[in-house]
Amino acid sequence: MLESFNDWSEGLNELKDTVVIFIDFAKAFDCVSVPKLVAKLKRLGICGNLLSCIECLLTQRNQQVKVGDTKSISRSVMSGVPQGSILGPIFFIIFINDISNSFPTSARSKLFADDLKSYITLTNDCNASNVSLLIDCVSDWSQAWQLPLSVTKCNWMFISNRSIPVMLSYSINDVNLLQVSQVKDLGVMFDSKLNFSSHITAMISKAKQRLFLLKKSFTSGDNDALVLAFKTYIIPLLEYCSPVWSPCTVTDILRIESVQRSFTKTLSSCSNMSYYERLCTTGLCSLERRRLSADLILLYKIIYKLIDIDFGSSLTLNINSKTRGHSLKINTIPARINTRLHFFTSRTVRVWNCLPDTVVCSNSIASFRHLLSTANLDPFLILSHDF
């Protein structure tokens, strides 16, 4: 998702529009053609006993339904990969992984399990007709490999800062695709201007509902137990994919922080304390600082190649830097619009370049986490302790 948003925000920054196609496969895991999957496995060099074992796993399978003590007639499973297994998703990824091989060179594609999005940035050399070619390639691949599309669930988005709508339309198999102005992709909601306000609102609402259930479910007033439950059940909701949507406005930061602020205020031993004092007492830190730490930890993993995320020229080391500071400074690229200015690379690089050398040169992720927890990040936080 970060790679996608990097491309889209970079396009907006350069006054370029992007057309994104979201593809949905119908009953994807159930419709994989076993003979065609085996053929792809052979093409990858899998053979001998391993291939025989895989064929035995995928063929001669039966299934039946049990309701109470009654069972249905056993039926043969003619296609699909075993769901609920470790190998099932791997087989599906192998099956679908070559779908983008025939796409136009101007198209970039991102796949996660059975979710596919492909996009083309419109330039002078690449016009909207290339998007139709891309859609035709998807349709042709679907028919050739017998993995049907759920056309009614496929849609497209026009990412642009234009105030005047552009009249475009696309179709698959003579069915017009729905144009959407807002979409939920891998659990993150955003609109055609790459705004995450709706996602933040839905996330806060869900977190408050779960916090209400948490308070109803716990009869114990033990602060340590409640704090542990908060960390386990609430914080993951508030931090899922935060490097993608991390807010930049005071309003959104306050809204998110209000969830933790409300929780700490209900603790028996913290009722008469300031928010900062409550955080110190419970061993928590502000959600804004946690998001910043998550950004920096992810950046550390990228720089030290512990994770493979391609930002292209958006994230390059400044090897010619002669200024004071550490040796792993990153080039800062000017941003014309706020969407790009507050994107992961731009907002995180500013902080990274100011960290002490002892922190950025940590020899392990565990060491980096520990040193980062002791670093002074207050100058880079919008909220004060006692807001």
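Biologist: How many helices and strands does the protein have?

Modeller: There are 16 helices and 13 strands. A helix is a DSSP run of H or I with at least four residues, a strand a run of E with at least two, and both are numbered from the N terminus. The model is predicted, so local features need pLDDT of at least 70 and side-chain atom pairs pLDDT 80 or more, while totals for chains, interfaces and linings use all residues. Residues are numbered from 1 along each chain as its sequence is written, and side-chain values use heavy atoms, without hydrogens or water.

Biologist: Why are α10 and α11 called roughly perpendicular?

Modeller: Helix α10 (residues 250–266) and helix α11 (residues 275–282) pack at about 70 degrees, with axes 10 Å apart. Axes are lines fitted to C-alpha atoms, for helices over the stretch in contact, and angles between N-to-C directions run from 0 to 180 degrees. Under 35 counts as roughly parallel, over 145 as roughly antiparallel, 65 to 115 as roughly perpendicular, the rest as oblique. Therefore α10 and α11 are roughly perpendicular.

Biologist: Which residues of α10 and α11 meet?

Modeller: E257, Q260, R261, T264 and K265 in α10 meet Y275, R278 and L279 in α11. The contact has 2 nonpolar, 2 polar and 4 charged residues. Ala, Val, Leu, Ile, Met, Phe, Trp, Tyr, Cys and Pro count as nonpolar, Asp, Glu, Lys and Arg as charged, and the others, Gly among them, as polar. Contact itself means heavy atoms within 4.5 Å.

Biologist: What makes β1 and β7 a pair?

Modeller: Two strands pair if DSSP finds at least two bridges between them. Strand β1 (residues 17–24) and strand β7 (residues 115–122) are joined by 8 bridges, in the antiparallel sense. I21 stands opposite S118 in β7. β6 and β7 also pair in the antiparallel sense, over 6 bridges. There, S109 stands opposite S118 in β7.

Biologist: Which strands stand at the edges of the sheet?

Modeller: The sheet is open and has 5 strands, in the order β6-β7-β1-β8-β11, with mixed pairing. β6 (107–112) and β11 (178–179) are at the edges. Each has a single partner strand, so one side of each lacks a neighbour in the sheet.

Biologist: Which helices pack on this sheet?

Modeller: Helix α1 (residues 2–13) touches β1, β6, β7 and β8 (155–159), and its direction makes about 20 degrees with that of β7. Helix α5 (residues 129–144) touches β1, β6 and β7, and its direction makes about 15 degrees with that of β1.

Biologist: Why is D174 called exposed?

Modeller: Its relative accessible area is 79%. Buried means under 20%, exposed over 50%, and partly exposed in between (1.4 Å probe, protein chains only). D174 is therefore exposed. D174 sits in the loop between β9 (171–172) and β10 (175–176).

Biologist: What makes the phi of D174 worth a look?

Modeller: Most residues other than glycine have a negative phi. D174 is not a glycine, yet its phi is positive, about 70 degrees. K305 also has a positive phi, near 60 degrees, and is a residue other than glycine. K305 lies in the loop between α12 (287–303) and α13 (338–341). At 73% relative accessible area, K305 is exposed.

Biologist: Why is A113 called partly exposed?

Modeller: A113 has a relative accessible area of 31%, so it is partly exposed. A113 lies in the loop between β6 and β7. Their hairpin has 2 residues between the strands, and A113 takes a positive phi near 55 degrees. A113 touches F92 and I96, leaving aside residues up to four places away in sequence.

Biologist: How do you know that the side chains of β12 alternate?

Modeller: In strand β12 (residues 182–185), V183 and D185 point to one face and are buried. β12 runs antiparallel to strand β13 (residues 188–191), with 4 bridges joining them. Q182 stands opposite D191 in β13.

Biologist: What share of the whole protein is buried?

Modeller: Buried residues make up 44% of the 387 residues.
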